[in-house]
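Q: Could you walk me through this one? I have not looked at it before.

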Amino acid sequence: MKTLREVKIGAAAKVVKLHGEGAIKRRIMDMGITKGVIVRVKRVAPLGDPIEITVRGYELSLRKDDAQMVEVE
């Protein structure tokens with residue numbers, strides 16, 4: 001299982017599954033990260049948290065803990 005947290009800078013990945021439950025999963029889905037969408041990692045903060053991604057034409061910052069819940073291929 002590969003997660004969004006493991007995707008290299010500049011690489012794109014397709015979301016396969018969202019892990020987690022309740023409010024956390026709903027918040028990730030509300031940001032536009034849903035099954036089948038393509039996400040691209042733009043950059044990572046100097047200390048590794050947060051991760052900036054491009055999804056559905058806009059840029060989004062995501063914490064490492066949240067990125068760990070997004071399974072990609």
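This is a predicted model: local features need pLDDT of at least 70, side-chain atom pairs count only at pLDDT 80 or more; totals for chains, interfaces and linings use all residues.

A: Residues are numbered from 1 along each chain as its sequence is written, and side-chain values use heavy atoms, with hydrogens and water left out.

Q: Okay, how many helices and strands are there in the chain?
A: The chain has 2 helices and 6 strands, where helices (H or I, at least four residues) and strands (E, at least two) are DSSP runs numbered from the N terminus. Along the sequence they follow the pattern β-β-α-β-β-β-α-β.

Q: And how compact is the chain?
A: Its radius of gyration is 11 Å, close to the 11 Å that the globule rule gives for 73 residues, so the chain is as compact as a globular protein of that length; the radius is taken over C-alpha atoms, and the rule is 2.2 Å times the number of residues to the power 0.38. The C-alpha atoms fill a box of roughly 30 × 25 × 20 Å, taken along the principal axes.

Q: What does S4 do on the S5 side?
A: S4 and strand S5 (residues 58-62) also pair in the antiparallel sense over 5 bridges, with tyrosine 58 in S5 as the bridge partner of valine 55. This hairpin has 2 residues between its strands, and arginine 56 in the turn has a positive phi of about 55°.

Q: Why is S4 described as largely enclosed?
A: Because 4 of the 5 residues of S4 (residues 51-55) are buried, it is largely enclosed by the rest of the structure; buried means under 20% relative accessible area, with a 1.4 Å probe and protein chains only.

Q: Last one: is threonine 3 buried or exposed?
A: Threonine 3, in strand S1 (residues 2-3), is buried, with a relative accessible area of 1%. Not counting residues up to four places away in sequence, threonine 3 touches Ala67, Gln68, Val70, Glu71 and Val72, contact meaning heavy atoms within 4.5 Å.

Notes:
Buried means under 20% relative accessible area, exposed over 50%, partly exposed in between (1.4 Å probe, protein chains only). Two strands pair if DSSP finds at least two bridges between them.
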